[in-house]
Amino acid sequence: MKKVLIITYYWPPSGGAGVQRWVKFAKYLKYFDYEPVVITVDSKYASYPILDTSLENETKEIETYKTKSFEPFGIYKRLLGRKDIPFAGFANEKKVGFAEKISRFIRGNFFIPDARKGWNRYVLPIANDLIKKYNIETVITTSPPHSTNLVGLKLKKKFNIKWIVDLRDPWTNIYYYDKLLHTGIAKRIDKKLEVNVLNTADSVIVVSESIKKLVDNKLNKNFNNEKVTVIPNGFDDEDFQLFAKKKNTRFTITYTGTLAENYRIDAFLDALSLLKNYDIQTKFIGKISPYFLRAIREKGLLQYVEIKEHVEHADAIRYMINSDLLLLAIPDVPENKGILTGKLFEYLASKNRILGIGPVDGDAAKIIRYCQSGKMFDYKDIEGIKSFIDSAF
(Lines give C-alpha, C1' and ligand atoms only; values in the text may rest on other atoms or scores of the structure.)
Protein backbone atom coordinates (compact mmCIF):
# COMPACT_ATOMS: atom_id res chain seq x y z
CA MET A 1 0.00 0.00 0.00
CA LYS A 2 1.14 3.56 -0.62
CA LYS A 3 1.91 5.51 2.52
CA VAL A 4 0.30 8.92 3.04
CA LEU A 5 1.59 11.31 5.69
CA ILE A 6 -1.08 12.94 7.88
CA ILE A 7 -0.04 15.89 10.05
CA THR A 8 -2.63 16.68 12.70
CA TYR A 9 -2.33 18.42 16.06
CA TYR A 10 -5.54 16.90 17.41
CA TRP A 11 -5.24 13.15 17.88
CA PRO A 12 -6.15 10.80 20.73
CA PRO A 13 -6.10 11.24 23.69
CA SER A 14 -7.53 14.59 22.58
CA GLY A 15 -11.30 14.51 22.16
CA GLY A 16 -13.80 16.32 19.98
CA ALA A 17 -15.23 16.21 16.46
CA GLY A 18 -12.00 17.39 14.82
CA VAL A 19 -10.15 14.38 16.24
CA GLN A 20 -12.82 11.92 15.16
CA ARG A 21 -12.75 13.17 11.55
CA TRP A 22 -9.16 12.07 10.94
CA VAL A 23 -9.20 9.07 13.25
CA LYS A 24 -12.00 7.71 11.07
CA PHE A 25 -10.39 8.76 7.77
CA ALA A 26 -7.18 7.04 8.83
CA LYS A 27 -9.12 3.96 9.91
CA TYR A 28 -10.73 3.49 6.50
CA LEU A 29 -7.88 4.60 4.21
CA LYS A 30 -6.54 1.04 4.20
CA TYR A 31 -9.63 -0.09 2.29
CA PHE A 32 -8.52 2.22 -0.53
CA ASP A 33 -4.93 0.91 -0.57
CA TYR A 34 -3.39 3.74 1.44
CA GLU A 35 -1.52 3.30 4.69
CA PRO A 36 -1.61 6.36 6.97
CA VAL A 37 1.48 7.56 8.81
CA VAL A 38 0.57 10.19 11.42
CA ILE A 39 2.61 12.97 13.01
CA THR A 40 0.97 14.55 16.04
CA VAL A 41 1.88 16.22 19.32
CA ASP A 42 2.79 14.27 22.44
CA SER A 43 -0.02 14.72 24.97
CA LYS A 44 2.55 15.70 27.63
CA TYR A 45 3.28 18.87 25.64
CA ALA A 46 -0.16 19.45 24.08
CA SER A 47 -2.86 21.96 24.96
CA TYR A 48 -6.13 20.05 24.59
CA PRO A 49 -9.48 21.59 25.59
CA ILE A 50 -10.93 18.11 26.19
CA LEU A 51 -9.65 14.55 26.49
CA ASP A 52 -11.15 11.28 25.27
CA THR A 53 -8.83 8.35 25.95
CA SER A 54 -11.37 5.89 24.50
CA LEU A 55 -10.43 7.00 20.98
CA GLU A 56 -6.89 5.67 21.51
CA ASN A 57 -8.26 2.16 20.94
CA GLU A 58 -8.93 3.07 17.31
CA THR A 59 -5.39 4.25 16.57
CA LYS A 60 -3.30 1.44 18.04
CA GLU A 61 -2.49 -0.06 14.63
CA ILE A 62 -1.74 3.29 12.95
CA GLU A 63 1.94 4.22 12.67
CA THR A 64 2.13 7.38 14.77
CA TYR A 65 4.97 9.74 15.65
CA LYS A 66 4.55 12.14 18.57
CA THR A 67 6.61 15.27 19.11
CA LYS A 68 7.29 17.95 21.65
CA SER A 69 5.65 21.37 21.36
CA PHE A 70 6.18 24.86 22.70
CA GLU A 71 2.96 26.73 23.54
CA PRO A 72 2.01 29.73 25.70
CA PHE A 73 -1.08 28.25 27.34
CA GLY A 74 0.72 27.64 30.64
CA ILE A 75 1.32 31.39 30.88
CA TYR A 76 -2.35 31.98 29.96
CA LYS A 77 -3.55 29.76 32.79
CA ARG A 78 -1.23 31.37 35.35
CA LEU A 79 -2.16 34.88 34.19
CA LEU A 80 -5.89 34.27 34.55
CA GLY A 81 -5.73 31.76 37.38
CA ARG A 82 -7.45 29.10 35.26
CA LYS A 83 -7.18 25.32 35.20
CA ASP A 84 -8.13 24.92 31.53
CA ILE A 85 -7.43 26.61 28.19
CA PRO A 86 -9.99 28.42 26.01
CA PHE A 87 -12.63 26.28 24.30
CA ALA A 88 -13.73 27.03 20.75
CA GLY A 89 -15.54 30.34 20.74
CA PHE A 90 -14.29 30.97 24.32
CA ALA A 91 -17.29 29.01 25.60
CA ASN A 92 -15.67 28.41 28.98
CA GLU A 93 -14.82 32.04 29.80
CA LYS A 94 -17.17 33.26 32.50
CA LYS A 95 -16.35 36.92 31.89
CA VAL A 96 -14.30 39.06 29.55
CA GLY A 97 -12.34 41.33 31.85
CA PHE A 98 -9.13 43.26 31.32
CA ALA A 99 -6.89 40.18 31.72
CA GLU A 100 -8.98 38.18 29.23
CA LYS A 101 -8.79 41.01 26.69
CA ILE A 102 -5.02 41.28 27.12
CA SER A 103 -4.60 37.51 26.60
CA ARG A 104 -6.76 37.62 23.47
CA PHE A 105 -4.81 40.59 22.12
CA ILE A 106 -1.50 38.80 22.67
CA ARG A 107 -2.87 35.63 21.07
CA GLY A 108 -4.24 37.53 18.05
CA ASN A 109 -1.19 39.70 17.37
CA PHE A 110 1.90 37.86 18.59
CA PHE A 111 0.93 34.29 17.65
CA ILE A 112 -0.07 34.39 13.99
CA PRO A 113 -1.90 32.37 12.79
CA ASP A 114 -2.39 30.74 16.21
CA ALA A 115 -0.81 29.94 19.56
CA ARG A 116 0.16 26.39 18.56
CA LYS A 117 2.64 27.50 15.89
CA GLY A 118 5.46 26.52 18.27
CA TRP A 119 4.67 22.88 17.43
CA ASN A 120 5.87 23.28 13.83
CA ARG A 121 9.61 23.33 14.64
CA TYR A 122 9.31 19.81 16.05
CA VAL A 123 7.18 18.46 13.21
CA LEU A 124 9.38 19.46 10.28
CA PRO A 125 12.45 17.27 11.04
CA ILE A 126 10.32 14.14 11.51
CA ALA A 127 8.26 14.90 8.40
CA ASN A 128 11.47 15.32 6.38
CA ASP A 129 12.80 11.96 7.58
CA LEU A 130 9.55 10.08 6.95
CA ILE A 131 9.12 11.46 3.43
CA LYS A 132 12.64 10.29 2.56
CA LYS A 133 12.37 6.96 4.40
CA TYR A 134 9.07 5.87 2.83
CA ASN A 135 9.30 7.84 -0.42
CA ILE A 136 5.99 9.48 0.51
CA GLU A 137 4.28 11.30 -2.35
CA THR A 138 1.24 12.76 -0.55
CA VAL A 139 1.05 14.86 2.61
CA ILE A 140 -2.18 15.95 4.32
CA THR A 141 -2.37 18.78 6.85
CA THR A 142 -5.63 19.22 8.72
CA SER A 143 -6.58 22.36 10.62
CA PRO A 144 -7.31 24.10 12.94
CA PRO A 145 -4.80 24.89 14.25
CA HIS A 146 -4.14 26.57 10.91
CA SER A 147 -0.44 26.92 11.74
CA THR A 148 -0.21 23.19 10.89
CA ASN A 149 -0.64 24.15 7.24
CA LEU A 150 2.61 26.14 7.37
CA VAL A 151 4.41 22.80 7.79
CA GLY A 152 2.73 21.54 4.63
CA LEU A 153 3.75 24.73 2.84
CA LYS A 154 7.44 24.15 3.63
CA LEU A 155 7.27 20.46 2.71
CA LYS A 156 5.60 21.29 -0.60
CA LYS A 157 8.34 23.74 -1.52
CA LYS A 158 11.14 21.39 -0.45
CA PHE A 159 9.95 18.07 -1.88
CA ASN A 160 7.28 19.13 -4.42
CA ILE A 161 5.03 16.41 -2.98
CA LYS A 162 1.26 16.39 -3.49
CA TRP A 163 -0.16 18.45 -0.64
CA ILE A 164 -3.77 18.26 0.52
CA VAL A 165 -5.13 20.84 2.98
CA ASP A 166 -8.16 19.83 5.06
CA LEU A 167 -10.02 22.83 6.51
CA ARG A 168 -12.36 21.62 9.24
CA ASP A 169 -13.20 25.26 10.00
CA PRO A 170 -12.64 28.51 8.09
CA TRP A 171 -9.37 30.36 8.74
CA THR A 172 -9.85 34.14 8.85
CA ASN A 173 -13.63 33.68 8.54
CA ILE A 174 -14.00 31.58 11.70
CA TYR A 175 -16.95 32.80 13.76
CA TYR A 176 -14.87 33.96 16.76
CA TYR A 177 -12.13 35.65 14.69
CA ASP A 178 -13.06 39.18 15.79
CA LYS A 179 -12.78 38.15 19.44
CA LEU A 180 -9.02 37.81 18.99
CA LEU A 181 -8.63 41.61 18.76
CA HIS A 182 -6.24 41.61 15.80
CA THR A 183 -4.66 44.86 14.70
CA GLY A 184 -4.90 45.74 11.02
CA ILE A 185 -1.31 44.59 10.45
CA ALA A 186 -1.96 41.23 12.14
CA LYS A 187 -5.05 40.67 10.01
CA ARG A 188 -3.13 41.38 6.83
CA ILE A 189 -0.34 38.97 7.81
CA ASP A 190 -2.83 36.26 8.70
CA LYS A 191 -4.77 36.79 5.47
CA LYS A 192 -1.56 36.59 3.43
CA LEU A 193 -0.62 33.28 5.08
CA GLU A 194 -4.10 31.89 4.41
CA VAL A 195 -4.11 32.88 0.73
CA ASN A 196 -0.58 31.52 0.24
CA VAL A 197 -1.53 28.14 1.75
CA LEU A 198 -4.74 27.81 -0.25
CA ASN A 199 -3.12 28.72 -3.54
CA THR A 200 -0.01 26.58 -3.05
CA ALA A 201 -1.82 23.39 -1.98
CA ASP A 202 -2.64 20.89 -4.72
CA SER A 203 -6.08 20.18 -3.26
CA VAL A 204 -8.24 21.68 -0.52
CA ILE A 205 -10.89 19.73 1.38
CA VAL A 206 -13.68 21.57 3.24
CA VAL A 207 -16.65 20.35 5.26
CA SER A 208 -19.47 22.33 3.62
CA GLU A 209 -20.56 24.04 0.41
CA SER A 210 -20.59 27.44 2.09
CA ILE A 211 -16.96 27.10 3.21
CA LYS A 212 -16.11 26.00 -0.33
CA LYS A 213 -17.47 29.31 -1.61
CA LEU A 214 -15.31 31.19 0.89
CA VAL A 215 -12.22 29.30 -0.26
CA ASP A 216 -13.04 29.65 -3.96
CA ASN A 217 -13.08 33.44 -3.52
CA LYS A 218 -9.53 33.35 -2.09
CA LEU A 219 -8.01 31.34 -4.95
CA ASN A 220 -6.17 32.78 -7.91
CA LYS A 221 -8.40 33.13 -10.96
CA ASN A 222 -6.43 30.50 -12.91
CA PHE A 223 -7.69 27.77 -10.55
CA ASN A 224 -10.98 26.07 -11.35
CA ASN A 225 -13.53 24.91 -8.82
CA GLU A 226 -12.21 21.35 -8.94
CA LYS A 227 -9.35 22.29 -6.59
CA VAL A 228 -11.75 22.48 -3.64
CA THR A 229 -13.71 19.37 -2.63
CA VAL A 230 -16.48 19.10 -0.05
CA ILE A 231 -16.15 16.09 2.25
CA PRO A 232 -18.55 16.73 5.14
CA ASN A 233 -18.14 15.19 8.56
CA GLY A 234 -19.96 11.92 9.05
CA PHE A 235 -20.43 8.95 11.33
CA ASP A 236 -18.87 5.53 11.71
CA ASP A 237 -21.61 2.94 11.56
CA GLU A 238 -19.59 0.59 13.78
CA ASP A 239 -19.91 3.09 16.65
CA PHE A 240 -23.68 2.80 16.55
CA GLN A 241 -23.79 -1.00 16.67
CA LEU A 242 -22.66 -0.99 20.30
CA PHE A 243 -25.91 0.25 21.84
CA ALA A 244 -29.56 -0.71 21.70
CA LYS A 245 -32.11 2.03 22.27
CA LYS A 246 -33.78 2.04 25.67
CA LYS A 247 -37.19 3.49 26.41
CA ASN A 248 -37.06 6.56 28.66
CA THR A 249 -39.36 7.04 31.64
CA ARG A 250 -39.33 10.78 30.83
CA PHE A 251 -39.33 12.41 27.40
CA THR A 252 -35.65 13.22 26.88
CA ILE A 253 -34.06 15.96 24.79
CA THR A 254 -30.27 15.81 24.44
CA TYR A 255 -27.61 18.27 23.30
CA THR A 256 -24.00 17.12 22.92
CA GLY A 257 -20.93 19.34 22.52
CA THR A 258 -19.81 22.84 23.41
CA LEU A 259 -22.53 25.44 23.97
CA ALA A 260 -21.08 28.95 23.77
CA GLU A 261 -23.20 32.06 24.37
CA ASN A 262 -23.55 32.80 20.66
CA TYR A 263 -25.26 29.45 20.09
CA ARG A 264 -28.43 31.32 21.06
CA ILE A 265 -30.75 28.63 22.43
CA ASP A 266 -32.73 31.24 24.41
CA ALA A 267 -35.91 30.48 22.42
CA PHE A 268 -35.52 26.78 23.19
CA LEU A 269 -35.28 27.51 26.93
CA ASP A 270 -38.29 29.82 26.69
CA ALA A 271 -40.23 27.04 24.94
CA LEU A 272 -39.30 24.61 27.73
CA SER A 273 -40.56 27.15 30.26
CA LEU A 274 -43.93 27.05 28.53
CA LEU A 275 -43.99 23.25 28.68
CA LYS A 276 -43.24 22.73 32.37
CA ASN A 277 -46.45 20.75 32.77
CA TYR A 278 -44.98 18.15 30.40
CA ASP A 279 -42.70 15.41 31.75
CA ILE A 280 -39.63 16.53 29.82
CA GLN A 281 -35.96 16.42 30.78
CA THR A 282 -33.12 18.02 28.82
CA LYS A 283 -29.56 16.72 28.97
CA PHE A 284 -26.62 18.96 28.07
CA ILE A 285 -23.52 16.85 27.46
CA GLY A 286 -20.50 19.14 27.11
CA LYS A 287 -19.15 22.51 28.17
CA ILE A 288 -21.89 25.13 28.63
CA SER A 289 -21.45 28.88 28.69
CA PRO A 290 -22.09 30.49 32.11
CA TYR A 291 -24.68 32.65 30.30
CA PHE A 292 -26.91 29.63 29.68
CA LEU A 293 -26.30 28.21 33.13
CA ARG A 294 -27.72 31.47 34.51
CA ALA A 295 -30.60 31.39 32.03
CA ILE A 296 -31.53 27.84 33.04
CA ARG A 297 -31.55 28.88 36.69
CA GLU A 298 -33.47 32.14 36.11
CA LYS A 299 -36.15 30.43 34.02
CA GLY A 300 -36.74 27.87 36.78
CA LEU A 301 -35.56 24.94 34.67
CA LEU A 302 -32.93 23.41 36.96
CA GLN A 303 -35.15 20.50 37.96
CA TYR A 304 -35.79 19.70 34.29
CA VAL A 305 -32.13 19.80 33.21
CA GLU A 306 -29.15 17.47 33.60
CA ILE A 307 -25.64 18.71 32.81
CA LYS A 308 -22.50 16.63 32.22
CA GLU A 309 -19.45 18.66 31.22
CA HIS A 310 -17.77 15.93 29.19
CA VAL A 311 -18.12 12.24 28.41
CA GLU A 312 -16.16 9.91 26.16
CA HIS A 313 -17.27 9.58 22.54
CA ALA A 314 -18.93 6.19 23.04
CA ASP A 315 -20.96 7.56 25.95
CA ALA A 316 -21.98 10.59 23.87
CA ILE A 317 -23.34 8.21 21.23
CA ARG A 318 -25.23 6.28 23.90
CA TYR A 319 -26.86 9.54 25.04
CA MET A 320 -27.82 10.33 21.43
CA ILE A 321 -29.37 6.92 20.83
CA ASN A 322 -31.28 6.95 24.13
CA SER A 323 -32.99 10.27 23.41
CA ASP A 324 -36.42 11.14 22.13
CA LEU A 325 -35.31 14.39 20.52
CA LEU A 326 -31.87 15.86 19.74
CA LEU A 327 -31.05 19.55 19.98
CA LEU A 328 -28.71 21.03 17.38
CA ALA A 329 -27.50 24.64 17.68
CA ILE A 330 -25.59 26.64 15.08
CA PRO A 331 -23.81 29.76 16.45
CA ASP A 332 -25.33 33.12 15.53
CA VAL A 333 -22.25 34.50 13.76
CA PRO A 334 -21.29 35.75 10.29
CA GLU A 335 -20.92 33.02 7.64
CA ASN A 336 -22.76 30.52 9.86
CA LYS A 337 -24.67 29.00 6.94
CA GLY A 338 -21.63 26.84 6.23
CA ILE A 339 -21.22 25.44 9.73
CA LEU A 340 -21.67 21.66 9.59
CA THR A 341 -20.80 20.31 13.01
CA GLY A 342 -19.83 16.66 13.23
CA LYS A 343 -22.60 15.94 15.69
CA LEU A 344 -25.25 16.57 13.01
CA PHE A 345 -24.22 13.40 11.20
CA GLU A 346 -24.05 11.35 14.37
CA TYR A 347 -27.48 12.71 15.26
CA LEU A 348 -28.68 11.37 11.90
CA ALA A 349 -27.09 7.99 12.62
CA SER A 350 -28.99 7.76 15.92
CA LYS A 351 -32.27 7.90 13.92
CA ASN A 352 -33.82 10.31 16.40
CA ARG A 353 -35.54 13.50 15.29
CA ILE A 354 -33.55 16.73 15.32
CA LEU A 355 -34.64 20.11 16.61
CA GLY A 356 -32.27 22.60 15.01
CA ILE A 357 -31.77 26.26 15.91
CA GLY A 358 -29.85 28.37 13.43
CA PRO A 359 -29.99 29.68 9.84
CA VAL A 360 -33.05 28.09 8.22
CA ASP A 361 -31.38 28.35 4.79
CA GLY A 362 -27.95 27.06 5.91
CA ASP A 363 -26.17 23.83 4.96
CA ALA A 364 -27.23 22.04 8.15
CA ALA A 365 -30.89 22.95 7.55
CA LYS A 366 -30.68 21.61 3.98
CA ILE A 367 -29.34 18.26 5.18
CA ILE A 368 -32.01 17.96 7.87
CA ARG A 369 -34.71 18.67 5.29
CA TYR A 370 -33.18 16.29 2.74
CA CYS A 371 -33.06 13.47 5.31
CA GLN A 372 -36.54 14.33 6.62
CA SER A 373 -35.04 14.05 10.08
CA GLY A 374 -36.42 17.14 11.82
CA LYS A 375 -36.58 20.88 11.35
CA MET A 376 -34.40 23.98 11.72
CA PHE A 377 -35.87 27.03 13.47
CA ASP A 378 -34.84 30.68 13.63
CA TYR A 379 -33.17 31.85 16.83
CA LYS A 380 -36.28 33.76 17.96
CA ASP A 381 -39.00 31.29 16.93
CA ILE A 382 -40.29 30.37 20.39
CA GLU A 383 -43.72 29.30 19.15
CA GLY A 384 -42.32 27.15 16.36
CA ILE A 385 -39.92 25.39 18.71
CA LYS A 386 -42.64 24.91 21.32
CA SER A 387 -44.99 23.43 18.73
CA PHE A 388 -42.27 21.06 17.45
CA ILE A 389 -41.47 19.78 20.97
CA ASP A 390 -45.18 19.42 21.71
CA SER A 391 -45.67 17.34 18.55
CA ALA A 392 -42.63 15.16 19.27
CA PHE A 393 -43.79 14.65 22.85
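Visitor: What order do the strands of the open sheet have?
Guide: In this predicted model, local features need pLDDT of at least 70 and side-chain atom pairs count only at pLDDT 80 or more, while totals for chains, interfaces and linings use all residues. Residues are numbered from 1 along each chain as its sequence is written, and side-chain values use heavy atoms, with hydrogens and water left out. Strands (DSSP runs of E, at least two residues, numbered from the N terminus) pair if DSSP finds at least two bridges between them. The open sheet has 7 strands with parallel pairing, in the order E3-E2-E1-E4-E5-E6-E7.

Visitor: Which strands are the edge strands?
Guide: An edge strand pairs on one side only. That description applies to strand E3 (63–67) and strand E7 (228–230).

Visitor: Which residue in E7 is the bridge partner of Val 206?
Guide: E6 and E7 pair in the parallel sense over 3 bridges. The bridge partner of Val 206 in E7 is Val 230.

Visitor: How much space lies in the second largest pocket?
Guide: A pocket is an open set of points on a 1 Å grid over the protein atoms alone, where a 1.4 Å probe fits, with protein on both sides within 12 Å along at least five of seven lines, and lining residues have an atom within 4 Å of a point. Grid points are joined across faces, edges and corners, and the volume is the space filled by probe spheres set on the points. For the second largest pocket, this space is about 470 Å³.

Visitor: Which residues are closest to the centre of the second largest pocket?
Guide: The second largest pocket is lined by 20 residues. Those closest to its centre are Val 4, Leu 29, Thr 138, Ile 140 and Ile 164.

Notes: Helices (H or I, at least four residues) and strands (E, at least two) are DSSP runs, numbered from the N terminus.
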